[in-house]
Amino acid sequence: MTSIQYINLILIVLVAIVGLSYFWSFYTHKLFKPFVWLDAQKKNSIPKDILKLERPFKDKMRFYSTWLQLNRIVKNNINGEIAELGVYKGETAKLIHHMLPDRKLYLFDSFNGLPKQVIREDCDGSVRPQTVKFDNTSPDEVLKYIKGNENISIREGVFPETATGLNTTSFAFVHIDADLYQSTIDALNFFYPKLNKEGAIIVHDYNHNWEGVNKAIDEFALTIPEVFVELPDMYGSVLLIKNS
């Protein structure tokens with residue numbers, strides 16, 4: 001075998017490996033989806049907007065975990081409105097809204113980066129430098145991205161000051177992605193009493209390097225009868241379902 005033939009053989013093998021990897025990715029992409037998702041997809045019961053969101057959603061585990069809880073809320077007719085604290089560009093907000101378009105969705109965010117008033121992440125009073133500024137967003141950009149209806153209510157500013165008028169509102173689902181101790185504990189103290197039975201709260205970044213989120217969850221867990229269940233998504237969310 002000449003050197004040219006040898007090189008050609010290597011190139012053929014490499015192309016074959018790349019081709020097999022490409023087709024294998026399609027197979028495993030379907031294989032590792034929740035069965036209930038695949039079954040709903042087969043029955044054409046998943047809205048087209050949700051199907052379009054699935055493929056580009058970077059953290060698939062987070063996507064399916066959120067979808068499963070929203071699907072459960074719809075299936076079991078759990079009453080209440082929806083809220084998200086920590087919206088950023090609206091990726092999860094879009095999923096939440098299009099799953100429950102008939103519910104009021106309250107979106108809480110400063111839309112100007114992490115609030116300076118509550119950036120005390122080391123839990124000893126020192127200020128943690130911002131490695132991600134989260135300020136390259138705006139309410140208008142979020143609304144344009146979500147492409148929703150009139151049931152979306154933007155609450156711009158620092159939580160819980162922005163929750164004015166919601167003291168008697170009940171909730172079925174709350175997504176908290178606030179990154180900070182004070183914002184997370186404030187959100188749990190505000191939303192938990194207003195969460196209807198069998199409603200769910202998902203808090204993001206529990207197993208990430210946001211020590212304040214861990215501290216808030218661990219502290220709050222001591223005050224309630226339920227437990228937070230850790231989810232194996234990219235940065236470690238936790239799930240709480242209120243006792244019935």
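## Asn44, out in the open

Asn44 counts as exposed in this predicted model, because its relative accessibility is 69% and the cut-off for exposed is over 50%. You can find Asn44 in the loop between helix 2 (35–42) and helix 3 (48–54).

Take a look at the backbone here too. The phi angle of Asn44 is near 60°, which is a positive value in a residue other than glycine.

Where does Lys147 sit? Its place is in the loop between helix 6 (139–146) and strand 3 (152–156). Lys147 has a positive phi as well, near 55°, and it is a residue other than glycine.

On the surface, Lys147 gathers with Lys48, Lys52 and Lys144 in a patch of positive charge.

Now let's turn to another kind of surface patch. Which residues form the nonpolar patch? They are Tyr6, Ile7, Leu9, Ile10, Leu11, Val13, Leu14 and Ile17, and together they have about 730 Å² of accessible area.

Pick out Ile10 from that group. Ile10 is found in helix 1, which covers residues 3–31. Its relative accessible area is 37%, so Ile10 counts as partly exposed: the value lies between the cut-offs of 20% for buried and 50% for exposed.

A cis peptide bond joins Phe159 to Pro160, and its omega is about 10°.

The other is Asn167, in the loop between strand 3 and strand 4 (171–176). Asn167 is exposed, having a relative accessible area of 60%. Which residues does Asn167 contact, leaving aside its neighbours within four places in sequence? The answer is Phe190 and Lys194. Along the chain, Asn167 and Phe190 are 23 residues apart, while their C-alpha atoms are separated by 8.5 Å.

## Helix 5, on the inside

You can trace the buried residues of helix 5 one by one: Thr92, Ala93, Lys94, Leu95, Ile96, His97, His98 and Met99. Notice that the list includes Lys94, as well as His97 and His98.

## The whole chain

Finally, step back and view the entire protein chain. Its secondary structure comes to 8 helices and 7 strands. How much of the chain is buried? Of its 244 residues, 48% are buried.

The accessible surface of the chain comes to about 13,500 Å², and carbon and sulfur atoms account for 56% of that surface. As for contacts, take those in the chain with a separation of 6 or more: 70% of them are between residues 24 or more positions apart.

How values were computed:
Residues are numbered from 1 along each chain as its sequence is written. This is a predicted model: local features need pLDDT of at least 70, side-chain atom pairs count only at pLDDT 80 or more; totals for chains, interfaces and linings use all residues. Side-chain values use heavy atoms; hydrogens and water are left out. Patches are made of residues with over 30% relative accessible area and no salt bridge: like charges are joined within 9 Å, nonpolar side chains (Val, Leu, Ile, Met, Phe, Trp, Tyr) within 5 Å. Accessible areas come from the Shrake-Rupley method with a 1.4 Å probe; for residues, only the protein chains shown count as cover. A salt bridge is a side-chain nitrogen of Lys or Arg within 4 Å of a carboxyl oxygen of Asp or Glu. Lys and Arg count as positive and Asp and Glu as negative; His and the chain ends are not counted. The place of a charge is taken as NZ of Lys, CZ of Arg, CG of Asp or CD of Glu. Helices (H or I, at least four residues) and strands (E, at least two) are DSSP runs, numbered from the N terminus. Buried means under 20% relative accessible area, exposed over 50%, partly exposed in between (1.4 Å probe, protein chains only). Contact means heavy atoms within 4.5 Å.
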